[in-house]
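Hello,

Here is the structure I promised to pass on. Have a look at it first, and my notes follow below.

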Amino acid sequence: MTPKNRKALSDRVTRAAEAALVARQVVTAIDVMTGIGWLDPVAVQRWRLGQVTCLEAAIIANLSRISEAMSLFRKWAVARGLKPSETAYASRHVQSRVLRFSKSGHPGIELHYRTHWISPKLSEQKRERLAEKAREPPALAAIMPLNGDWTCHRCGGTGGLQMMETAGPACLPCAGLGDLDYLPADDKLLTRRAKAKSARHAVVVRFSPSRGRYERLGLLVAPEALAAARA
Ligand SMILES: [Zn+2]
């Protein structure tokens, strides 16, 4: 990389990181990659849903540029006096699976990606609350495919909803969620009650081509929880 290119990238990384810091008091590698325009927010959603093998596969820059940007980001964060906070990224498609960032899977690189940098201006208590929130496992997500013509990789069947697995999409019964009932999101109170009573639940999402992102349609909950919430 020429010194001029490096300076240009450094400026872009700084701008993206500063913007995220102002907005949320915490900056992540994903904030920087999306902020400099290398990573589409929809690709991040797809990665969390298990449709992309690793985040780097969705970043539109080569590995040496990516690693340069990551190193510039870390230098910026240290110079700004931000506090590092190692954060687990769990997938939304299978229970407790750690999401992979890098093509290499190298532990040091993975650590850099999942380290959040938190503003020192926040009190110890607020920093801890932010870190705690980031540690909460995300809700499982079932996808309503736009194209109904798909095949479960386990049983060869199909269905209205699918869960992504490493080998491909699986139908709800094969993913162990076949007993859950679908509750559309429009009734917020009922949704909240049923979710609180249900030991297992999954969010149902669908890609909206007009809005260009995945949107939440409703919730899958245990039938007895739904009945109890309605009572
Ligand atoms: Zn199946």
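A quick word on the basis: this is a predicted model, where local features need pLDDT of at least 70 and side-chain atom pairs count only at pLDDT 80 or more, while totals for chains, interfaces and linings use all residues. Residues are numbered from 1 along each chain as its sequence is written.

The largest nonpolar core has 28 residues, and Val 13, Ala 17 and Phe 73 are among those with the most contacts inside it. By nonpolar core I mean buried Ala, Val, Leu, Ile, Met, Phe, Trp, Tyr and Cys residues joined through C-beta atoms within 7 Å; buried means 20 or more other C-beta atoms within 10 Å of a residue's own, with C-beta atoms placed from the backbone. Helix H4 (63–79) gives the most to this core, with six residues. Helices are DSSP runs of at least four residues, numbered from the N terminus. A second, separate core of 26 residues includes Ile 143 and Leu 226.

Ala 29 and Phe 73 are 44 residues apart along the chain, yet their C-alpha atoms are separated by 7.7 Å.

Finally, the domains: domain 1 covers 3–135 and domain 2 covers 140–230, with bounds from an automatic or database domain assignment. Their C-alpha centres lie 28 Å apart, and ten residues of domain 1 contact nine of domain 2.

Best wishes

Technical notes. Contact = placed C-beta atoms within 7 Å. Buried ≥ 20, exposed ≤ 12 C-beta atoms within 10 Å, placed from the backbone. Helix = DSSP H or I, 4+ residues; strand = E, 2+ residues; numbered from the N terminus.
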